[in-house]
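Me: I have a structure open and would like to go through it with you. Could we begin with the interior and then move on to other topics?

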Amino acid sequence: MKNTPTDPVPLLQDLIRCKSVTPAEGGALTYLEDLLSTHGFTCQRLIFKAEGTPDVENLFARLGSGAPHLCFAGHTDVVPEGIEENWTHPPFAAEIRDGFIYGRGACDMKGSVAAFAAAAVDFARASPKIKGSISFLITGDEEGPAINGTVKVLEWMKENGHIPDHCIVGEPSSADKLGDTIKIGRRGSLSFIVTAEGKQGHAAYPHKADNPVPKLARLVDRISSAKLDDGNDHFDPSTLAVTSFDVGNPAGNVIPSRAVAKFNIRFSPEHNFDSLRLWVDQHIAIVKGELGGNWSYSSIEGADAFITEPGAFVGLVQDAVENETGMLPKLSTSGGTSDARFVKDYCPVLEFGPTNATIHQTDERIAIDELKATQTIYSRIIAAYFSAEL
Ligand SMILES: [Zn+2]
């Protein structure tokens, strides 16, 4: 007897109706826990706390105990709905109109959670004695400070022998069409605050002062026009954006003693935090050699750059997508950060999910056809994963 696939539509509707704006759980994790435990998954609710941040509920669910172990990482928290009157259909009602399910989280990312849950449930029903394991790492703190979420669940997984061999993050990675893009890494981010100091003085007697403004301007010009690297096969060249140039001087007849600039670098794996600090050191040294001045800076580390090198795992996911859509997905490292930045410290990770055209917007919605195709792709990935030798 062939089982009919689990319908992801009511599943997604139920999840959207759980009002889980970060950090509220809203019943979404309880709903998933019930569904997965009914199908043989062992579930753990993990509540993490830290001073100054709200407590966050998370869920880890695992079917099977051996290797290979494939993990789906996602979140059930959503961003706020904004102005509810602006929605064509209420943000937490999950109404269906013209083939679309409307609601906050439809794409980011209750849609992928519902699609993967449906795929995993079907797999569990068809193969009760799974050789290997399939698990869910679902956080309630992805759209928030991300302190009591995925980072801490991963630490807990490590302590308890649950680190997977491979992980798929369900972020909506597709751009224009489902399956056009898989994300296999992200650029890093590092910010700088540079201060140039001189000597205050009267604007009529500049020779008696030491003006830091032209010195800092020279530095800003240098670093904005210099090349950081050429990128590589999977990354565009690193970029630098000057975000602030501040003197804070209200007087037109006073040469200020200090000027401050801020800039942010988005970098490829051709760089790291240390190499970028060295790069900034060198530019400051050159400007100091030319114009003098007292210089100092601080840097604020965002995320490091990372890549999951294309290989058997990435290829398996690409094939699963192509078999469904007829189109080979592009491997991308563009865009902002996601929880994949934490997972990459433990195992190879990639991001695959539906289109992201309406995420975080009024009238966020997903086409039912797209939701079902996402489920089918996840089913193909699961089937291929547990029959392949990676
Ligand atoms: Zn998301």
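**The interior, strands and spaces**

Reply: This is a predicted model. Its largest nonpolar core has 60 residues, and the members that touch the most others in it are F41 and F136.

Me: Which helices and strands supply at least two residues each of this core?

Reply: The helices are α1 (8-17), α2 (28-38), α3 (110-126), α7 (312-325) and α9 (368-387), and the strands are β2 (53-63), β3 (69-75) and β6 (133-139).

Me: And where does the largest share of this core come from?

Reply: It comes from α3, which provides 11 residues.

Me: Going back to F136, what does it touch?

Reply: Leaving aside residues up to four places away in sequence, F136 touches L36, F41, L59, F60, A61, F72, F116, A117 and A120. Apart from this core lies another, made of 22 residues, including L190, V194, L216 and F263.

Me: Let us turn to α1. How many of its residues are buried?

Reply: Of the 10 residues in α1, 7 are buried, so the helix is mostly covered. The buried ones are P8, V9, L11, L12, Q13, L15 and I16.

Me: What covers them?

Reply: The cover over the buried residues of α1 includes the helices α2, α3 and α9, together with the strands β4 (96-97), β5 (100-102) and β19 (365-367).

Me: Those strands, then: in what order do β4, β5 and β19 lie?

Reply: They form an open sheet of 3 strands in the order β4-β5-β19, and the pairing is antiparallel. β4 and β19 are the edge strands, each pairing on one side only.

Me: How many bridges link β5 and β19?

Reply: There are 3 bridges between β5 and β19.

Me: Which way do β1 and β2 run, parallel or antiparallel?

Reply: β1 (residues 42-50) and β2 run antiparallel, joined by 8 bridges. L46, for example, has N58 in β2 as its bridge partner.

Me: What lies between the two strands?

Reply: β1 and β2 form a hairpin with 2 residues between them. In the turn, G52 has a positive phi of about 85°.

Me: New topic: how many cavities of 30 Å³ or more are there?

Reply: The count is 2 cavities.

Me: What lines the largest cavity?

Reply: Its lining consists of A73, G74, H75, M109, E142, T150, V169, E171 and D339. β3 gives the most to this lining, with 3 residues. By class, the lining has 3 nonpolar, 3 polar and 3 charged residues.

Me: And which residues line the second largest cavity?

Reply: R186, R187, A303, D304, F306, T337, S338 and R341 line the second largest cavity. Here the classes are 2 nonpolar, 2 polar and 4 charged.

Me: Finally, how many residues line the second largest pocket, and which lie nearest its centre?

Reply: The second largest pocket is lined by 16 residues, and E171, R186, T337, S338 and I359 lie nearest its centre. About 230 Å³ of space lies in this pocket. Its lining divides into 2 nonpolar, 7 polar and 7 charged residues.

How values were computed. Residues numbered from 1 in each chain as written. Predicted model: local features only at pLDDT ≥ 70, side-chain atom pairs only at ≥ 80, totals over all residues. Heavy atoms only, no water. 1 Å grid on protein atoms, 1.4 Å probe; cavity = no way out; pocket = protein on both sides within 12 Å on 5 of 7 lines; lining within 4 Å. Points joined across faces, edges and corners; volume = space filled by probe spheres on them. Nonpolar A, V, L, I, M, F, W, Y, C, P; charged D, E, K, R; others polar. Core = buried A, V, L, I, M, F, W, Y, C linked by side-chain atoms within 4.5 Å. Buried < 20%, exposed > 50% of the residue type's maximum accessible area, 1.4 Å probe, protein only. Helix = DSSP H or I, 4+ residues; strand = E, 2+ residues; numbered from the N terminus. Contact = heavy atoms within 4.5 Å. Pairing = 2+ DSSP bridges.
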